[in-house]
Amino acid sequence: MIKRFFSIFVVVLLVSIGGGWMFFGCVPDKEIPSDDAVQDEEDYIVIGLSQIGSESDWRNANTGSFKSVFTAENGYYLLFEDAQQKQENQLKAVRDFILQEVDYIILDPIVETGWDTVLMEAKDAKIPVILVDRQIVVEDEDFYTCWVGSDFREEGRRAGEWLEEYLKDQGRQGEEIRIVTLQGTPESSAQIGRTMGFQDVVSRNADWKMLDRRNGEFTQAKGQEVMRDLLRTYEDIDVLISENDNMTFGAIEAIESAGRTCGPKGDIIVISFDAVRAAIRYMQKGKINADFECNPLLGPKVAQIIEELEDGGHVEKIQYIEEQYFDASMDLERILEERVY
């Protein structure tokens, strides 16, 4: 289902009129083959990628993973759209991809609902849609080919189980534990899954008290703002659950500005998610207790799926990426040396 004519036409259009992507209604990052490459190889698989934005270190690593895989050298032509955290931008991008007759659409949905109509349009156009990272709720699961990403509920559950063991090792079982949560974008898969998974563990610990859950928007600035208010509202906070690293960085700034301490030697236990390199460095400085990985390197897995589909193969509907966690007791220097994001 490779659209050779489209690939050649796009390159010619770009060369001849420069800003031609405004003609199509998109302003993508372009992986443009040279004229020689077009003459030698017409068989580019055209990919339309709608990304949520660039709100975090994790998101940038995720985008970089796709861009490093879907290159002209690997036989792909990538159309990239940054939705800037707005679902309406993603809906427009997907419709533009359909009009351009791309071979595959990769969609990282901002929220879980509101996709039925546009995905039905993609299905009618016989364009496979591969969901990545966040999940969706639709009337018909045949609207998309498969989903690739993290088991967010399992991440949250593992964080709760880690806290259980940590408190036990500290001799604090049976003690009232006061917890606050910085949540990510409401109704996003990461927010829903991590909140539910951690709540699974809270529910079986009668001495744990969830004081508050507030939206930190997955950003450092909002994380700092919300944590500052939580510290003013609640005199005693024992544990901070932060649903991504960037919010955690902001929260740590707020904690320290308020004259409080955090981490293994502090008075607030900090549990974070994503486990980017910067967070491991914070852990080295003793400011984060544990961080649960959300692996952003989805590009190679999605490319493998596309190769299987190109060969006429069947792919599993749900495909989880392998993940791990880190805490302050580990050899963090070695982990940083091996970590690519």
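I began with a cut-off: a residue is buried when its relative accessible area is under 20%. I kept in mind that this is a predicted model.

**Entry 1, Glu55.** I looked up Glu55 and found 15% relative accessibility, so I noted Glu55 as buried. Glu55 sits in the loop that joins strand 2 (45-51) to helix 4 (57-69). Its side chain makes two polar contacts that I wrote down: one with the side chain of Gln85 at 2.9 Å, and one with the side chain of Arg59 at 3.1 Å. Setting aside residues up to four places away in sequence, I listed Gln85, Arg134, Phe218, Thr219 and Asn246 as touching Glu55.

Next I went to helix 10 (residues 245-257), where Gly250 is found. Gly250 has 0% relative accessibility and therefore counts as buried. Beyond its neighbours within four places in sequence, I saw Gly250 in contact with Gln220, Gly223 and Gln224. I also checked Gly216, 34 residues away along the chain, and the C-alpha separation from Gly250 is 9.6 Å.

I then traced an open sheet of 6 strands with mixed pairing, in the order 8-7-9-10-11-13. Strand 8 (208-215) and strand 13 (325-327) are at the edges with a single partner strand each, so one side of each has no neighbour in the sheet. Ignoring direction, neighbouring strands here are turned by 15° against each other on average.

Last, I followed helix 9 (residues 220-233), which lies across strands 7, 8 and 9 and runs at about 140° to strand 8.

Terms used: Residues numbered from 1 in each chain as written. Predicted model: local features only at pLDDT ≥ 70, side-chain atom pairs only at ≥ 80, totals over all residues. Heavy atoms only, no water. Helix = DSSP H or I, 4+ residues; strand = E, 2+ residues; numbered from the N terminus. Buried < 20%, exposed > 50% of the residue type's maximum accessible area, 1.4 Å probe, protein only. Polar contact = N/O pair within 3.5 Å; in protein donor to acceptor, adjacent residues only side chain to side chain. Contact = heavy atoms within 4.5 Å. Pairing = 2+ DSSP bridges. Axes fitted to C-alpha atoms, helices over the stretch in contact; angles between N-to-C directions.
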